[in-house]
Amino acid sequence: MTTDAGLAQEAVEDLVERAKAGDRPAFGQLVEVYQDKIYGYVSRMLGDPDEAEDVAQETFVRAYRSLPHFRGAASFHTWLYRIASNLAIDVARRNRRQSTGDFSLDEPLESEEGDYEREIADESGSPEQLTQRREMQELVRQAVAELPEKLRAVVVLYELQGESYEDIAEILGCPLGTVKSRLFNARSQLKDMLEQLVDVGELEVEQL
Amino acid sequence: MTCKQVHRLLVACWGELEQLEPEAAEHLRECEACQREAKALRATRRLMRQSAQEPVPTGFAGRVMAEVRATEPGRVGWYQRTLGWLSPPAPAFEWARAAAVGLALVLLFGGGIALHHGVGGTPEPGSHAVVVVDSSPADSSPAATVDLETLVLQHETLALTQALSEDAGVHLVTYSH
């Protein structure tokens, strides 16, 4: 039996059918089931928690309104992701246009103790290692946020949300080959961005 | 196999060596630059996967459902319909309320004269009708006095008609301004 977000596919289909017939509590259950996936996706796409909540909420509201048009050709979670993607990509593009000063990975990080350069010391097994790892993760998060929206959507869906190539193609409405080429470009750009900051080839991968 | 070819394969597999074809793996064993490239890709992927997911904000699902209820077109609960009768109506339902009020007035002033029990006498020009609801017919003092429109709004039209037709404490009275 296939499962979707921890729920049996048949149970999801039943909830969807009931929600389509106007059963609001059934839709409420679908929100509970998919909120982690959808909020996780848009928060990784947008980076801002408040903005992510707005977009995730709008995703579910639009899904409810559009339920009569959902014919089940795609799985419900793919359909939800598609609504979320359209909204998140629009917001990300708008943010990019409105951004007055582009974020630069070369700029110093700000902290309460003041600014400091993005340097990763060659230490391991110390309390500093955890801090450095978090700094590196923050760098990666910012590097992901720097990717063009379409590359970002693919890399987040595949690497972080665990979606398949086929589902991503359906979510983003593009051919399978496009998904693979975008993923390739996203990986390459991410690694290049990080290499401008730290010698990632020197990092001990197993200790990360 | 060239470094450029191997590089493309490494990006495609995030530097995971076990996924490389034998020819590329052989190149990698002897090429330090490609080994560093593979390591950089593996580190990038691992760091990305370690980035914590933001937890869903508390009460998120509740807020979604409140928004769903607020924006739901054409699907109104019974309690909202009741409240709708008591509060300023939406334009789409204005006609229905007006029709119900009109029907009640016709019933009251047409056939309803028969219900008159002599509390007020003949209405004078410019007079205003009120309905006196008396829970105790034997007692001549009214228990409660409510404005006609309020009563109409608070009751279904049929229920009101039925109440007026019962000779138990419902009196039509008039008074002058």
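Helices (H or I, at least four residues) and strands (E, at least two) are DSSP runs, numbered from the N terminus. The structure described here is a predicted model, in which local features need pLDDT of at least 70 and side-chain atom pairs count only at pLDDT 80 or more, whereas totals for chains, interfaces and linings use all residues. Residues are numbered from 1 along each chain as its sequence is written, and chains are lettered from A and ligands numbered from 1 in the order in which they are written.

Chain B has eight helices and three strands, which follow one another along the sequence in the pattern α-α-α-α-α-α-β-β-α-α-β. Just after helix α1 of chain B, B:Trp14 takes a positive phi of about 55°. The pLDDT, which is the predictor's confidence in each residue on a scale from 0 to 100, averages 64 over chain B, and 41% of the residues score at least 70.

For the complex, the predictor gives an ipTM of 0.77 and a pTM of 0.64. In the model, 30 residues of chain B are in contact with 37 residues of chain A. On the side of chain B that touches chain A, the elements giving two or more residues are α1 (3-12), α3 (32-50) and α4 of chain B, and α3(B) gives the most, with 13 residues. The residues of this side divide into 15 nonpolar, five polar and ten charged, where Ala, Val, Leu, Ile, Met, Phe, Trp, Tyr, Cys and Pro count as nonpolar, Asp, Glu, Lys and Arg as charged, and the others, Gly among them, as polar.

A residue is described as buried if 20 or more other C-beta atoms lie within 10 Å of its own, as exposed if 12 or fewer do, and as partly exposed in between, with C-beta atoms placed from the backbone. Of the 177 residues of chain B, 17% count as buried. In α1(B) the buried residues are B:Val6, B:Leu9, B:Leu10 and B:Val11, and they pack against α8 (176-195) of chain A together with α2 (22-30) and α3 of chain B.

In chain A, the 23 residues of helix α4 (residues 76-98) should span 33 Å at 1.5 Å a residue, and the end C-alpha atoms of this helix are 33 Å apart, which agrees; the expected span is 1.5 Å times one less than the number of residues. The buried residues of α4(A) include A:Trp79, A:Leu80 and A:Ala84. A:Leu87, which lies in helix α4 of chain A, counts as partly exposed because 19 C-beta neighbours lie inside 10 Å. Leaving aside neighbours within four places in sequence, A:Leu87 is in contact with A:Val55, A:Glu58 and A:Thr59.

A nonpolar core is a set of buried Ala, Val, Leu, Ile, Met, Phe, Trp, Tyr and Cys residues joined through C-beta atoms within 7 Å. Of the 66 residues in the largest such core, A:Val42, A:Ala84, A:Val154 and A:Val155 touch the most other members, and helix α2 (residues 24-46) of chain A contributes the largest share, ten residues.

Note on methods:
Contact = placed C-beta atoms within 7 Å.
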